[in-house]
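Please examine the structure shown below, together with its sequence. The paragraphs that follow lead through it step by step.

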Amino acid sequence: MTGPEHGPRATDDPTGPSDGEAGGSTDQGTTGPSVGESEAGQPRRSGLRNPERAVRGLGAGTLSLEALVLLLAIQPIRVVGGDLGGAAIAAVVALAVVAVLLAGMMRRPWAWHAGTVLQGLLLLAGLLHWSLLVLGIIFALVWAYALHVRRVILG
């Protein structure tokens with residue numbers, strides 16, 4: 001049966017409504033941006049409304065978490081390690097304060113570089129106690145991942 005109701009229009013016409021639609025689609029035959037492109041034809045990096053703000057939040061959250069862990073680690077390090085002296089405690093507190101200050105300054109582009117320097121200083125604090133070296137390695141890896149995410153999202 002090849003009557004008008006079963007002819008080529010029912011299956012081959014892309015501009016007409018399909019069986020389940022009440023009307024035609026809005027992009028009938030037009031070529032808009034592809035899935036990964038913006039209106040200007042440039043590739044869109046993410047689906048975030050404000051990617052700069054999201055990346056700043058990631059950096060600030062990472063540094064805030066680092067400061068919290070450093071301050072909370074003082075007592076267990078003293079109890080378990082036993083040889084954590086006043087210089088090491090002062091270094092940990094100073095690093096935590098710098099981390100909090102940098103977390104509040106993430107709008108400035110140099111704060112990302114300063115955060116990288118902070119990770120290096122924490123690794124150097126490992127000379128004062130081995131557990132600070134372990135924390136330095138952990139947070140250096142977390143910071144490296146945050147920098148990677150920043151580069152992927154912001155380009």
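Which residues of helix 5 are buried? In this predicted model, the buried residues of helix 5 are Ser 131, Leu 132, Leu 135, Gly 136, Phe 139, Trp 143, Ala 146, Val 149 and Ile 153. Helix 5 itself comprises 25 residues, and the distance from its first C-alpha to its last is 36 Å, close to the 36 Å expected at 1.5 Å a residue. After helix 5 comes Gly 155, which has a positive phi near 85 degrees.

The largest nonpolar core holds 28 residues, and the members that touch the most others are Leu 63, Leu 70, Leu 95, Met 106, Leu 118, Leu 132 and Leu 135. At least two residues of this core are supplied by each of helix 2, helix 3 (86-104), helix 4 (110-124) and helix 5 (130-154). Helix 2 provides the largest share, eight residues. Beyond its neighbours within four places in sequence, Leu 135 is in contact with Val 69, Leu 70, Ala 73 and Leu 122.

A charged residue of helix 2 also deserves attention. Glu 66 lies in this helix, which spans residues 51-81. Glu 66 is buried but forms no salt bridge; the nearest side chain of opposite charge belongs to Arg 150, 15 Å away, whereas a salt bridge requires a separation within 4 Å. With neighbours within four places in sequence set aside, the contacts of Glu 66 are Leu 118, Gln 119, Leu 122 and Phe 139.

How values were computed: Residues are numbered from 1 along each chain as its sequence is written. This is a predicted model: local features need pLDDT of at least 70, side-chain atom pairs count only at pLDDT 80 or more; totals for chains, interfaces and linings use all residues. Side-chain values use heavy atoms; hydrogens and water are left out. Helices (H or I, at least four residues) and strands (E, at least two) are DSSP runs, numbered from the N terminus. Buried means under 20% relative accessible area, exposed over 50%, partly exposed in between (1.4 Å probe, protein chains only). Lys and Arg count as positive and Asp and Glu as negative; His and the chain ends are not counted. Contact means heavy atoms within 4.5 Å. A nonpolar core is a set of buried Ala, Val, Leu, Ile, Met, Phe, Trp, Tyr and Cys residues joined through side-chain atoms within 4.5 Å. The expected span of a helix is 1.5 Å times one less than its number of residues.
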